[in-house]
Amino acid sequence: MRKLSLLTSGIAVCVAGMAFANDDLVSQMDNPKQWAIQTGDYKNQRYSQLDQINADNVGDLQVAWTFSTGVLRGHEGSPLVIGDMMYVHTPFPNIVYALDLANDGKIVWKYEPKQDPDVIPVMCCDTVNRGVAYAEGKIFLHQADTKVVALDAKTGDVAWEAQNGDPAIGETNTATVLPVKDKIIVGISGGEFGVRGSVTAYDMNSGEQVWRAYSMGPDSDILVDPENTTHLGKPVGADSGTNTWEGDQWKIGGGTTWGWYSADLDENLMYYGTGNPSTWNPAQRPGDNRWSMTVMARDIDTGVAKWFYQMTPHDEWDYDGINEMILTEQEIDGTERKLLTHFDRNGLGYTMDRVTGELLVAEKFDPVVNWTTGVDMDPNSETYGRPAVVAQYSTEQNGEDVNSTGICPAALGTKDQQPAAYSPKTQLMYVPTNHVCMDYEPFRVSYTAGQPYVGATLAMYPAPGSHGGMGNFIAWDNTDGSIKWSLPEQFSVWSGALATAGDVVFYGTLEGYLKAVHAETGEELYKFKTPSGIIGNVMTYEQGGKQYIGILSGVGGWAGIGLAAGLTNPNDGLGAVGGYAALSDYTALGGQLTVFALPN
Amino acid sequence: MNYPVSLFAIGLLAGLPFIASADNLTAAYSEDGRYFTDDDVPTYNIAEDGTVDWLTFSGFRRYHAECHVCHGPDGEGSSYAPALKNSAVDMDYYDFVDVVTNGREKVSASEQSVMPGFGENPNVMCYLDDIYVYLKAHGSEAIPRGRPPKKEAKSDVIREDEDACMG
């Protein structure tokens with residue numbers, strides 16, 4: 001009954017969307033004293049209304065308490081706070097702790113799944129996990145081995161389990177899940193193992209699979225309506241998920257879905273991006289490789305796509321499109337619009353109309369980005385929406401076994417998964433970025449199930465001719481695509497930002513600093529060095545009338561692998577080799593939650 | 001450790017037996033563009049002008065496609081996995097081959113270190129000697145970090161063997 005009305009009437013969609021929304025989680029997210037979802041809210045704004053800690057007093061911040069997770073790996077994501085309970089997760093083996101905040105953080109329960117350690121080596125780039133989710137009295141954990149588990153939030157007892165993928169063919173998980181309405185929506189990792197990406201919805205109460213939408217393949221697999229699903233305003237047509245691939249390459253085509261998801265309940269849409277097509281050798285996969293590298297808007301109930309936008313057709317640089325989609329309501333050219341803003345690995349910041357999929361802004365959010373001269377913004381042009389590729393930096397045009405040098409950004413992107421924040425007060429986006437360039441040499445590889453399927457050699461180094469650091473923390477105006485201010489950082493900023501009503505923006509650094517800066521000016525107001533490098537996301541909550549700031553330390557992830565020994569620039573000549581900062585000179589492995597508050 | 005070339009020359013000249021026991025690095029003879037120690041273990045050869053043998057260059061490429069996502073750039077190690085440039089020097093060649101082929105696990109309360117077996121992966125197995133030789137060259141400081149700027153040409157035999165192995 002419900003599905004029928006949803007399909008037949010746009011009005012019904014709105015009404016049903018309101019009536020069947022997950023009212024529990026919506027109200028939990030609306031309470032600023034809690035941190036009820038990894039992304040802050042369904043809009044992925046990572047903004048808190050709390051203002052007890054503000055620009056005037058944040059300089060007095062002190063460590064209030066700490067908690068060791070017992071695991072020494074890259075700690076991404078953040079704890080959740082629901083009522084008096086805090087839920088802390090770890091990287092593999094994916095332990096979950098429930099801490100009683102009203103009782104000095106006493107451990108109420110601990111859940112430790114039993115996973116085959118064979119999943120560890122198929123997790124490209126560390127065994128990170130971006131945290132648990134909460135809805136309807138349950139905690140949802142998506143383990144490294146792709147098992148989705150629902151736990152009783154009070155006891156830690158298992159309510160249901162579902163196996164989403166198969167680690168034996170390189171399918172793993174690092175992401176959190178999206179609890180929305182009566183569903184849990186999950187993604188998959190393994191783009192470097194030839195996995196075909198998909199997004200899957202499970203019934204929140206039973207764990208039964210409801211729908212699955214692949215990133216490429218036949219229309220029945222990718223859940224499109226060829227006449228009504230659009231790409232830049234035009235129907236995608238039949239077979240759009242196979243007709244830009246040669247042969248069966250789409251079956252190992254990548255386009256994995258390991259980023260952050262957002263949702264608009266009024267439109268009944270969920271938003272996410274797909275990753276790189278595999279392999280990294282573009283010569284082995286001629287064509288646009290749809291729908292890798294694509295922003296996707298799908299119906300929450302059916303999974304059917306409303307619109308797509310492929311940002312980087314025929315990727316030649318590993319610019320995964322999985323970064324978060326931040327939803328806002330802002331004026332553009334005097335008209336209030338429902339916007340979606342996305343900072344892509346490819347170095348372009350996109351602003352779109354999230355209802356129609358219209359492209360409004362596409363600008364570089366790091367001036368050193370050089371692989372493209374920009375995106376064709378003329379709707380009447382043959383190449384509308386496509387980035388113009390600079391031949392010198394095209395690993396496709398230069399060909400196999402040729403080393404293309406000086407490409408900016410590097411494969412880790414101008415920004416990776418580390419999520420940005422948005423303040424409705426300043427109407428600015430606060431973006432953690434990488435400032436790294438690369439040499440890239442593709443070559444032929446063969447596919448073996450469950451084995452790496454890469455096919456390129458990369459060398460990365462700090463952006464030449466800049467400040468010498470490998471990162472920036474920037475403030476971005478998404479309505480015109482301009483940088484308001486930019487703070488140079490020695491290392492890539494690999495920590496998710498938090499903006500607050502106290503006019504403070506928080507982020508962590510790879511050396512381990514938690515930093516607080518002014519939301520208007522970027523002026524540094526506070527910093528504290530935590531026990532290990534930070535790749536987690538800053539969160540805040542209120543307990544007993546006091547505002548707290550929480551951050552996970554624990555260096556690792558891509559940053560810990562790529563930057564541990566320091567970078568070298570092969571184009572600098574031998575004299576400069578080893579001349580860049582090594583992360584191992586600043587921090588070591590760790591796994592700790594540090595919680596800050598103002599003094600009493 | 002910067003004199004494998006001169007040792008190689010002396011070895012050719014005199015054929016002295018003590019060279020063989022000196023280390024597992026020094027090239028004693030070459031065959032179709034590949035270099036070997038006196039114990040017939042693959043090794044690198046760096047010319048005075050910095051030109052590296054083909055396998056060392058090829059190993060640099062293959063390492064940075066297959067291995068560096070865990071072990072870090074240039075075999076220097078990472079927060080996730082050990083520095084292979086040292087393993088290649090410290091480990092016996094046959095033990096090195098065994099670990100790459102079959103993998104190994106060190107899983108305990110304080111450590112979750114799992115090396116996968118690459119025995120089924122032609123992108124690794126067809127280039128195992130290349131990767132080993134490259135890591136040994138860098139681990140023994142015969143070559144610095146980064147892409148070797150000059151290399152010997154790929155020999156016909158190496159090309160034929162590669163094609164046969166990759167299928």
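**Chain A, then a helix of chain B**

Reply: Of the 600 residues of chain A, 61% count as buried. Buried means 20 or more other C-beta atoms within 10 Å of the residue's own, exposed means 12 or fewer, and partly exposed is in between, with C-beta atoms placed from the backbone. This is a predicted model, where local features need pLDDT of at least 70, side-chain atom pairs count only at pLDDT 80 or more, and totals for chains, interfaces and linings use all residues. Residues are numbered from 1 along each chain as its sequence is written, while chains are lettered from A and ligands numbered from 1 in the order in which they are written.

Me: How many helices and strands are in chain A?
Reply: Six helices and 40 strands. Both are DSSP runs numbered from the N terminus: helices are H or I with at least four residues, strands are E with at least two.

Me: What box do the C-alpha atoms of chain A fill?
Reply: Roughly 70 × 60 × 55 Å, along the principal axes.

Me: Pick a sheet. Which strands form the open one?
Reply: β27, β30 and β31 of chain A, in the order β27-β30-β31, with antiparallel pairing. Strands pair if DSSP finds at least two bridges between them. The edge strands are β27 (404–407) and β31 (456–462) of chain A, each pairing on one side only.

Me: How many bridges join β30 to β31 in chain A?
Reply: Seven, and β30 covers residues 436–442. A:P442 stands opposite A:A456 in β31(A).

Me: Which helix lies across β30 and β31 of chain A?
Reply: Helix α3 of chain B, residues 54–66. The helix runs at about 80° to β31(A). Axes are lines fitted to C-alpha atoms, for helices over the stretch in contact, and angles run from 0 to 180 degrees between N-to-C directions.

Me: New topic. Where is A:S584 found?
Reply: In the loop between α6 (557–563) and β40 (592–597) of chain A. A:S584 counts as partly exposed because it has 19 C-beta neighbours inside 10 Å.

Me: And what does A:S584 touch?
Reply: A:A564 and A:A565, not counting residues up to four places away in sequence. Contact means C-beta atoms, placed from the backbone, within 7 Å.

Me: Over to chain B. Is α8(B) enclosed or open, and why?
Reply: Largely enclosed by the rest of the structure, because 12 of its 12 residues are buried. The cover includes β3 (42–43), α3, α5 (84–90), α6 (93–102) and α7 (122–125) of chain B.

Me: What follows α8(B)?
Reply: B:E141, with a positive phi near 65°.

Technical notes: Two residues are in contact if their C-beta atoms, placed from the backbone, lie within 7 Å.
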